[in-house]
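Biologist: Please take me through this model one feature at a time, with the general idea before the case.

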Amino acid sequence: MEWEGTLPRLGAHQAPSESAIVNKLLTFPDPQAHPLSVRARALVFEDPKSARLLDTVERVAPTDAALLIIGETGTGKELIARHLHEHSGRKGPFVAVNCGAFNETLIESELFGYEAGAFTGAARAREGWFEAARGGTLFLDEIGDLPISQQVKLLRVLQERQVVRVGSRTPINIDVRLVAATNVDLTQAVESGHFRRDLWYRLNVATVDLPPLRDRPGDILPLADHFIGQYSSKLRLPPAALSDDARDALIRYPWPGNIRELENVIHYALIVGNDGLIRERDLKFPVVSCGSLLDQRPAQSVHAIGSAQNTSLEEVLHRLIDQATPDLFDHVETMLVNTAYEFCERNQVRTARLLGISRNILRSHLMRLNILPKRQPSSHGRAANTAASDSQLVC
Ligand SMILES: Nc1ncnc2c1ncn2[C@@H]1O[C@H](COP(=O)(O)OP(=O)(O)OP(=O)(O)O)[C@@H](O)[C@H]1O
Ligand SMILES: [Mg+2]
């Protein structure tokens, strides 16, 4: 079905259906079918704002309308796009492409494919992401990074529903639902001439405004509990609980990095805590953002930032030594590898570079920590999966 009508801007302000008001924990039908780099297997939406938004997404899902998801970094844009695909009834794959990951010359052949001999090195023809997503959903992340020269081509594809591979003149029909995401205000990019107004109108058929975590406080603790469950089992730790002061601190913190930051804070707390109770002191809020956070935080919470600001690596180590943490060396090594891996969004190449070790050594650590499977069915298949997760995802 082609939906040509203009949808209203979809946001948390719309009236919820009865089913959306109840708290929601949704699980993907086949979690194992999703790639390793997508960490959450379930979506937590308990704040009434999020529940309304989820309801809206599920109502738009079965249409063919292009969708633009707007939200700060780490708010769950990709998860929402996947959820939309799951509910779309489309049989084809979900393909995610980060527009910022390719340079201007590469992006065209990546998106639209190329014919043999189209350019030096193009020994064989290759389909692009539009063709790969046939019958499914193509998620273009960071759409604001698409070079202006490619914006006009994308517009044509959306209008004609056809792609032309680089080096070819023959159009290929495509049946793809397009979902785009941005964490920057595209209206400003349109005003300044960096984003085509006609493409913006075309993508803007329906818009989902994903609120930052600080504006949906009812999600914070359920998400924290969700991540505690997820990471406890991943790290093979017994179930942990949050102390009252930790709960208060989580609620007070403004979460500039949103859900991804909450996930990392919980992950770290599980690694440094050792008695099944996560206390405020185990929550490490990033030092870098303290200056701006002090402006955003309510007055009564300033002391928590102060303590975060003063936490140095040496102090953390002293605390672990004071507490006579068992297996301290393993503990610290695990923490370092895990934190760096999460920081690099589970990209092995970037993590290895960050830690100054080879990718093979990183992989052996990840296998030891059971983050990567120890035995793989075929090294070729594994390599392909890893490479895919570094720049794009197909499931
Ligand atoms: N509602 C949710 N329930 C559970 N986990 C979530 C939810 N939303 C996001 N997450 C988790 O938070 C992390 C960030 O989500 P995601 O990658 O979708 O955000 P994003 O907005 O695309 O981020 P970025 O702007 O950095 O690309 C992921 O690990 C994801 O699994
Ligand atoms: Mg994303």
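Biologist: Let's begin with burial: is Asn-258 buried or exposed?

Modeller: The general idea is a neighbour count: a residue is buried if 20 or more other C-beta atoms lie within 10 Å of its own, exposed if 12 or fewer, and partly exposed in between, with C-beta atoms placed from the backbone. Asn-258 has 24 other C-beta atoms within 10 Å, so this residue is buried. Keep in mind that this is a predicted model: local features need a pLDDT of at least 70, side-chain atom pairs count only at pLDDT 80 or more, and totals for chains, interfaces and linings use all residues. As for labels, residues are numbered from 1 along each chain as its sequence is written, while chains are lettered from A and ligands numbered from 1 in the order in which they are written.

Biologist: Where does Asn-258 sit?

Modeller: Helices (H or I, at least four residues) and strands (E, at least two) are DSSP runs, numbered from the N terminus. Asn-258 belongs to helix H11. The protein chain has 18 helices and 13 strands.

Biologist: What should I notice about the phi of Asn-258?

Modeller: Most residues other than glycine have a negative phi. Asn-258 is not a glycine, yet its phi is positive, near 55°. Glu-142 is another non-glycine with a positive phi, about 50°. Glu-142 is in the loop between strand E6 (137-141) and helix H6 (148-160), and it counts as partly exposed because 18 other C-beta atoms lie within 10 Å. Glu-345, which follows H15, has a positive phi near 55° too.

Biologist: Which residues is Ile-259 in contact with, leaving aside its neighbours within four places in sequence?

Modeller: A contact means that the C-beta atoms of two residues, placed from the backbone, lie within 7 Å. On that basis Ile-259 meets Gly-74, Thr-75, Gly-76, Leu-213 and Leu-223, once neighbours within four places are set aside. Ile-259 is in helix H11 and counts as buried because it has 26 C-beta neighbours inside 10 Å.

Biologist: What does Leu-210 touch, not counting residues up to four places away in sequence?

Modeller: Leu-210 touches Ile-69, Ile-70, Gly-71, Thr-75, Gly-76, Lys-77 and Ile-80, with residues up to four places away not counted. Leu-210 is in strand E10 (residues 206-210) and is buried, because 25 C-beta neighbours fall inside 10 Å. Ser-50 is 160 residues away along the chain, but the C-alpha atoms of Leu-210 and Ser-50 are separated by 8.2 Å. Across the protein chain, 74% of contacts between residues at least 6 apart in sequence join residues at least 24 apart.

Biologist: How do the axes of helix H11 and helix H15 cross?

Modeller: Axes are lines fitted to C-alpha atoms, for helices over the stretch in contact, and angles run from 0 to 180 degrees between N-to-C directions. Angles under 35 degrees count as roughly parallel, over 145 as roughly antiparallel, 65 to 115 as roughly perpendicular and the rest as oblique. The axes of H11 (residues 258-272) and H15 (residues 328-343) come within 10 Å and cross at roughly 175°. H11 and H15 are therefore roughly antiparallel. The contact is made by Asn-264, His-267, Tyr-268, Ile-271 and Val-272 of H11 with Thr-334, Met-335, Asn-338, Thr-339 and Glu-342 of H15.

Biologist: What else touches Thr-334 and Asn-338?

Modeller: Leu-369 does: it touches Thr-334, Val-337 and Asn-338, not counting residues up to four places away in sequence. Leu-369 is in the loop between helix H17 (359-368) and helix H18 (379-391) and counts as partly exposed because it has 17 C-beta neighbours inside 10 Å.

Biologist: What does the protein chain average in pLDDT?

Modeller: pLDDT is the predictor's confidence in each residue, from 0 to 100. The protein chain averages 78, and 75% of the residues score at least 70. Over residues 1-41 the pLDDT is below 50, and this stretch has 65 contacts in the model beyond near neighbours in sequence. Residues 376-395 are also below 50, with 29 such contacts.
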